[in-house]
Amino acid sequence: MQLGKIILLSLICVFVACSGERSEGEPPVPLPEEGIQFAIDDNNFNASKIKAFTAPGEEENTTQLIIVGASPEGHLAEFHIKNISKERSSFSVEKGAEASFSYRTDNEHCTTALIMNNDSSLNIEQHDPVTNFISGSFSGFECGGNIENTVGAGNFAVTYEEVTLENSFLLDLNAAPLVPAMVFVSATPEPINTIQITGFNGGTESYTLILKNDLPAGTYAMNEFDFAPYFFYSDAELNQYETVSGQVTLEAFDEFDRVLRGNFIAELVSVTDATEVHCEGQFEIFVF
């Protein structure tokens with residue numbers, strides 16, 4: 001009888017130990033280690049430095065995320081995911097995946113989107129908006145650029161920051177100060193590879209500066225035949241003004257802070273009546 005009680009107590013102890021219940025004071029199960037890793041060009045990329053930012057997505061009740069990682073060798077990878085939602089954690093071409101990827105070394109570059117390959121997919125495995133932790137994985141996809149091999153499967157786990165910078169776009173038109181009421185920034189990957197800053201003041205009044213992405217710090221000329229850099233605007237009377245000459249000066253862009261600052265000067269002419277306008281501007285933007 002005594003032996004039976006001992007056996008019964010032992011079984012109860014084993015059951016409690018295996019039930020997964022955590023006693024009070026016991027530390028929680030740790031989150032997966034943060035990082036981003038994948039296979040590319042017969043090599044493995046494993047970030048030793050990583051940073052991530054999030055902001056509202058283009059669709060309602062969604063989030064967009066950018067992850068930036070650097071390897072010990074100095075290679076850089078950027079992973080941009082649009083429109084993450086709780087209702088849709090698995091992404092594929094058929095489900096309208098919107099994600100872009102870039103990878104750079106001193107001699108090589110790869111820029112593409114997951115939607116370019118029907119075999120590509122993206123899965124969000126964990127997303128905790130309270131702790132700002134997100135993890136997931138993606139399949140291989142084709143590279144654009146001078147890397148011909150397919151990017152192999154990869155995964156990521158990061159704690160992200162909310163974007164707090166308010167984009168600014170300040171202008172002087174013929175020495176009259178102007179601050180657009182709304183400023184929007186959009187980045188387009190290769191082959192277009194541009195950053196577009198647009199300020200709106202309601203109605204038809206808008207002001208747009210187009211820059212080439214990944215330009216180092218320096219001063220760049222613009223004219224009416226250049227796609228970027230280039231500046232144009234439309235006033236409240238639907239008059240379109242095009243740049244005939246000008247220049248843009250960029251400060252150094254830090255890939256991990258994602259903030260781009262600069263200023264520009266442009267001489268413009270109205271398409272309608274050939275009116276000439278002198279514009280000076282400056283900007284501070286967050287670049288996804």
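Where is Asn167 found? Asn167 sits in the loop between strand E12 (161-162) and strand E13 (168-173); helices (H or I, at least four residues) and strands (E, at least two) are DSSP runs, numbered from the N terminus. Residues are numbered from 1 along each chain as its sequence is written, and side-chain values use heavy atoms, with hydrogens and water left out.

As for confidence, pLDDT is the predictor's own score for each residue, from 0 to 100. The protein chain has a mean pLDDT of 80, with 76% of its residues at 70 or more. Residues 1-31 are another story: pLDDT stays under 50 there, and the model has four contacts beyond four places in sequence for that stretch; contact means heavy atoms within 4.5 Å. Where pLDDT is low, the predicted coordinates should not be read in detail.

Asn167 counts as partly exposed because its relative accessibility is 23% (buried is under 20% relative accessible area, exposed over 50%, partly exposed in between, with a 1.4 Å probe and protein chains only). Leaving aside neighbours within four places in sequence, Asn167 touches Val183, Val185, Glu284, Ile285 and Phe286. A polar atom of the Asn167 side chain lies 2.8 Å from the backbone nitrogen of Phe286. Phe184 is 17 residues from Asn167 along the chain, yet their C-alpha atoms are separated by 7.5 Å.

Now follow the chain to strand E17 (residues 206-212). Six of its seven residues are buried, so E17 is largely enclosed by the rest of the structure. Who are its partners? Strands pair if DSSP finds at least two bridges between them. Seven bridges join E17 to strand E16 (residues 194-200), and the two run antiparallel; Phe200 has Ser206 as its bridge partner. E16 and E17 make a hairpin with five residues between them, and in the turn Gly202 has a positive phi of about 90 degrees. E17 also runs antiparallel to strand E19 (residues 230-234), joined by five bridges, with Thr208 bridged to Phe232.

One last stop is Ser135, in strand E10 (residues 133-138). Ser135 is buried because its relative accessible area is 4%. Beyond four places in sequence, Ser135 is in contact with Asn123, Ile124, Glu125, Gln126, Phe156 and Ala157.

Methods. Polar contact = N/O pair within 3.5 Å; in protein donor to acceptor, adjacent residues only side chain to side chain.
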